[in-house]
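Hi there,

Here is the structure I promised to pass on. Have a look at it first, and then read on for what turned up in it.

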Amino acid sequence: MTGKVVIELEKVNKWFGDFHVLKDIDLTIHERERVVICGPSGSGKSTVIRCINRLEEHQEGRIVVDGQELDDDTKNVAAVRREVGMVFQQFNLFPHLTVLENCMLGPTRARGMSKAEARDRAMEYLERVRIPEQAEKYPAQLSGGQQQRVAIARSLCMEPKVMLFDEPTSALDPEMIKEVLDVMIDLAQSGMTMIVVTHEMGFARTVADGMVFMDEGRIVESAPPEKFFANPESDRTKLFLSQILSH
């Protein structure tokens with residue numbers, strides 16, 4: 001990839017107590033690049049992206065996001081979080097706020113935007129994720145797929161430079177997965193820089209510029225999707241793909 005480096009991880013290590021969850025992680029993400037991280041449960045995938053916006057702290061190595069190094073300086077952390085959107089497995093919407101209010105909260109609080117401007121922006125992104133008609137409803141009145149699309153719109157309302165997705169379809173019923181993936185494909189095609197932890201290999205083949213396979217806290221293999229799927233180098237990657245693609 002050419003273009004500006006937006007995210008850089010160098011020799012990142014993390015422990016939960018005695019458990020060494022990330023081992024010497026090196027990862028570089030360029031502007032407009034779309035990277036899919038896959039691997040078995042417990043391989044450290046989600047921890048990597050949670051470290052990128054400092055939901056988890058790494059203990060060794062460097063993480064630099066858009067020129068800001070993530071360290072103990074809380075100003076840096078706040079600056080990074082303004083530029084990095086995150087979509088979780090569980091939608092994390094505020095149940096007592098309408099869809100529209102959920103989307104307006106970030107721009108008014110963190111970006112100092114007027115309510116009128118925030119409302120216009122929220123409606124623009126609800127349109128983009130194809131649910132503008134749900135704006136006045138509360139999260140509990142929506143399906144899981146609709147809630148996840150609201151969560152994506154809410155992140156987009158902050159106009160982040162990077163979007164992180166942590167298994168965004170894993171809590172959804174099968175028939176709702178496609179509607180969320182379609183929104184993500186649309187987002188990818190518009191040039192958004194994205195890191196996606198997912199088992200959805202069809203989505204990965206459609207949008208990824210790079211595939212990263214993790215196992216036991218390490219990056220085992222990193223390759224463009226055509227090579228990753230057709231000709232993986234590591235036996236561990238081959239085994240994982242044979243299991244996941246046979247379903």
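One thing to keep in mind is that this is a predicted model.

Strand S3 (residues 34-38) and strand S8 (residues 193-197) run parallel and are joined by 4 bridges. Within this pair, Ile37 stands opposite Val197 in S8.

Helix H2 (residues 74-83) touches S6 and strand S7 (162-166), and its direction makes about 65° with that of S6. Helix H9 (residues 235-245) touches S3, strand S9 (210-215) and S10, with its direction at about 100° to that of S9.

As for the sheet itself, it is open, has 6 strands in the order S6-S7-S8-S3-S9-S10, and shows mixed pairing. Strand S6 (84-87) and strand S10 (218-223) form the edges, each pairing on one side only. On average, neighbouring strands in this sheet are turned by 15° against each other, direction ignored.

Now for the whole protein chain. The count comes to 9 helices and 10 strands. Its radius of gyration is 18 Å, which agrees with the value near 18 Å that a compact globule of 247 residues would have. The C-alpha trace spans about 55 × 45 × 35 Å along its principal axes.

Buried residues make up 54% of the 247. Of the contacts with a separation of 6 or more, 66% are between residues 24 or more positions apart. The accessible surface is about 11,400 Å², and carbon and sulfur atoms account for 47% of that.

Methods:
Residues are numbered from 1 along each chain as its sequence is written. This is a predicted model: local features need pLDDT of at least 70, side-chain atom pairs count only at pLDDT 80 or more; totals for chains, interfaces and linings use all residues. Side-chain values use heavy atoms; hydrogens and water are left out. Two strands pair if DSSP finds at least two bridges between them. Helices (H or I, at least four residues) and strands (E, at least two) are DSSP runs, numbered from the N terminus. Axes are lines fitted to C-alpha atoms, for helices over the stretch in contact, and angles run from 0 to 180 degrees between N-to-C directions. Contact means heavy atoms within 4.5 Å. The radius of gyration is taken over C-alpha atoms; the globule rule is 2.2 Å times the number of residues to the power 0.38. Buried means under 20% relative accessible area, exposed over 50%, partly exposed in between (1.4 Å probe, protein chains only). Accessible areas come from the Shrake-Rupley method with a 1.4 Å probe; for residues, only the protein chains shown count as cover.
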